[in-house]
Number of protein chains: 2
Amino acid sequence: MAQKLTILDIAKLAGVGKSTVSRVLTQDPRVKPATREKVEQVIRESGYVPSKSAQSMRGGTSKVIGVVVSRLDSPSENKAVRGILAVIYAAGYDAVIMESQFSAAKTREHLAVLEKRNVDGVIVFGFSGFDDTILDGFAQRAVVIAVDTDSVSSVSYDNKGMIHLAMQQLSEQGLTHISYIGVDPADRTTGLFRLDAYLEACRERHIEPCYQTGELSYESAYKLTDKVLNAQTQAIVCASDTLAMGVAKRLQEIQRTEVVVSGVGATDLLSFMFPNTFSIDPGYFEAGQRAAHLLFQHLQQGAPVTHLTQQACTLL
Amino acid sequence: MAQKLTILDIAKLAGVGKSTVSRVLTQDPRVKPATREKVEQVIRESGYVPSKSAQSMRGGTSKVIGVVVSRLDSPSENKAVRGILAVIYAAGYDAVIMESQFSAAKTREHLAVLEKRNVDGVIVFGFSGFDDTILDGFAQRAVVIAVDTDSVSSVSYDNKGMIHLAMQQLSEQGLTHISYIGVDPADRTTGLFRLDAYLEACRERHIEPCYQTGELSYESAYKLTDKVLNAQTQAIVCASDTLAMGVAKRLQEIQRTEVVVSGVGATDLLSFMFPNTFSIDPGYFEAGQRAAHLLFQHLQQGAPVTHLTQQACTLL
DNA sequence: CTGTTAGCGCATTCAA
DNA sequence: TTGAATGCGCTAACAG
C-alpha cells in the first residue's frame, strides 16, 4: 500500500518542488511541458493518489454534489438520478445520495449534513408540501426537480404537456370518449396540473369530462375504474403508469380491453402486460441531466435563478 | 451565512481554547461538564458546523462509505441500499453511490475514485463475472453483496433456500407437477444455484423435473412458458419476479390461471396483478443492513473475513 | 517557468 | 482539566 505517498514524495522523486507537482495536478499551464511530463510519469509509476480531503479543505471545492431523492425506489427518480450521475461523473464530480421519504424534516437534516460535508451543490427532488426555503443555506448552489420553486432554480416536468400529448394521441385515433384517473389535486404537480390539463383538453375537443382522483396506487386506480367507465368509454388517460396498471387490470377483468389506456412514466412493463396501452415519457433521464448542467452553470458563473421545463415525448 | 465560522471563533465566543472546543467535538471525556455545556451552547446558538473536510484530513476517517450498485434501478438492489443507508446513516456516516452497470472496468474506476476520496469502506454489489481481486486495494474495508467471494467479506442471498421455500410451499398445497423457469446457469447465483435447488427439490420429492432457462426478462419467460407446460402442470417456480410476471401473463392468455406461479423478489405488483401467485422475499433490506454492520465491524475491530447468508422468507 | 512560504480547519501531542 | 504548539496534504500567494 503506497497509500502514504504525499505530494512531497512525488516532488522529491521527480526532483522538483512541491508546488510544481501541485501545478501539474491543477492543470496549471505555467509549467514547462518537459517538467510536466516528468512529474506525470512519476505520479503514474508511483501510483500516487492526491488526497481529496486535503484538496477539498484547501480549495474549498469538494467536487461532490448532494442528491436528495424522495424515494430511492421510485422508478422516475431513478431515471433522473442516472441522468444526474452521467453528467456530474463526466465532470469529475461524485454524488452522495440521500432519501427524504417525502419528509421536510428529513430533507432538512440531510441538507445540514451535506452542508457540513462541504458539498459544492445539491439537487433535490421535490415532493408535495416541499418548501424551498429549506434550501436557503444553499442559495445559488441548488437545483430542484419536479416541483415549482421560487427562490431556487428548477427543472420541472411538463405536467400539462404530458396529458395533452396523451389526449392528442387518442384524438388522432379518432377516439372521443375519454375518461381520466388521477391523484388528489392536493398534490399540485401530479394531481392538480395533470387533472387541469385533462379538463382543458376536453374543453378544446368538446369532450364531456369524466374523471376520478385517488391515491397513487394500483388498488386505488383499480377501484376507481368502474366509476369513469360507461358503455361508450373508449379510452382512459391516467396520471401515471402505476394507475394505468390498475386500470388495465380492471378492464381486462371485465372484458373491456378495447378501451385504450395511457399512463405516464415509460414503464416497459405496462405495454408488455397490456398491448392496448401506451405511456408518455416525461423525460426523466434528460431532466436529471439538465438539472446537473444547470447546477454546474450556477457553480461556475453565478447564473440567475432559472426554471426549466422538461418536454415530454410519446412512447409506445 | 455564518458558514465561515471556524473552531477558533467558537473558542473565542466561549472564552476557551480551540483545543477544548475540539475535545467537545470529539466526545473527549477530559472536559469539565460545565465547560462542555457552555461550548455546546455556543455551538448551537452560532450554528457552527465543523468542516468534514478538515476533520477527514486530520483524522484520516471521512465517515463516508462508498456503495457500488450494479444498477440504480434494480428493485432488489434498491431495497438493499435502503438497508445500508439506514444503518450507516444512524452511525453518522454517509454514502456516495455509484453504478457499475455490470462492468468490471467501471467498477474498477469507481473504486479508484472512492479510494482517492478517502472513503472509510466500500460495499459492492456483485454481478456475474465479478472478480473480487478488484477489491485488493480495500483489503479489510470492503463487503460484497450477492456473490461468492474469497478474499473479502460478503453477504449473499440464500439462492437455494429461496427455491426450496417455494417448492415446499407448493408441496404443502399438495401440488406435484412443478416446472421451473430460470436464467442462464452461466450466472452462478441467479442462474445455476437456483436451478440446482429446483432439481434438488425435485429429487427429494420424486418429481420429474421440467425446466427452461433464458434471459432475465418478461419476454424470455413469456416465450419459455409453453415449453414447461403440459396438461398436468400445476405450478411454475420462477427464479425471479420478472420471470414470474412473464409466465403469469402467458398463463392468463391461454386460460391456465389455475397454475400457481411463484417468483423471487417480493414485488407487490406481481400478487396484485395475478392472485394465484406468490413471491419469496430474499431479505434484500436485511441483507443491506447486515452488510453495513459487517463493514463497521471490519472498520472498528479488524474482523476476519466473514461470509454471511441472508435467509429468505416466504411472502404472500 | 519554478521553488519557497503561508496557511486552510481541525485533532493531538505537550506542558502547565 | 485546559491552552499552546505542531503538523495533516495541499493550493496560492510571493519571490526569484
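A search across all chains of the structure turns up 25 salt bridges, each being a side-chain nitrogen of Lys or Arg within 4 Å of a carboxyl oxygen of Asp or Glu. This is a predicted model, where local features need pLDDT of at least 70, side-chain atom pairs count only at pLDDT 80 or more, and totals for chains, interfaces and linings use all residues. Residues are numbered from 1 along each chain as its sequence is written, chains are lettered from A and ligands numbered from 1 in the order written, and side-chain values use heavy atoms, with hydrogens and water left out.

Q: Which residue forms a salt bridge with A:Glu200?
A: A:Glu200 sits in helix 8 (residues 188-205) of chain A, and its partner lies 40 residues away in helix 7 (residues 159-172); helices here are DSSP runs of H or I, at least four residues, numbered from the N terminus. The closest N and O atoms are 3.3 Å apart, and the partner is A:Lys160.

Q: Is A:Arg250 buried or exposed?
A: A:Arg250 meets A:Glu253 in a salt bridge at 2.7 Å, N to O. Buried means under 20% relative accessible area, exposed over 50%, and partly exposed in between (1.4 Å probe, protein chains only). A:Glu253, at 38%, is partly exposed. A:Arg250 comes in at 17%, so it counts as buried.

Q: About how many helical turns separate A:Arg250 and A:Glu253?
A: Both belong to helix 10 (residues 241-253) of chain A. They are three residues apart there, which means a separation of about one helical turn.

Q: How much space lies in the largest cavity?
A: A cavity is a set of points on a 1 Å grid over the protein atoms alone where a 1.4 Å probe fits but cannot get out; lining residues have an atom within 4 Å of a point. Grid points are joined across faces, edges and corners, and a volume is the space filled by probe spheres set on the points. The structure holds two cavities of 30 Å³ or more, and the largest has about 270 Å³.

Q: Which elements give two or more residues to the lining of the second largest cavity?
A: This cavity has a volume of about 100 Å³. Of its 13 lining residues, those closest to the centre include A:Leu72 and B:Leu72. The elements asked for are helix 5 (75-90) of chain A and helix 5 (75-90) of chain B.

Conventions: 1 Å grid on protein atoms, 1.4 Å probe; cavity = no way out; pocket = protein on both sides within 12 Å on 5 of 7 lines; lining within 4 Å.
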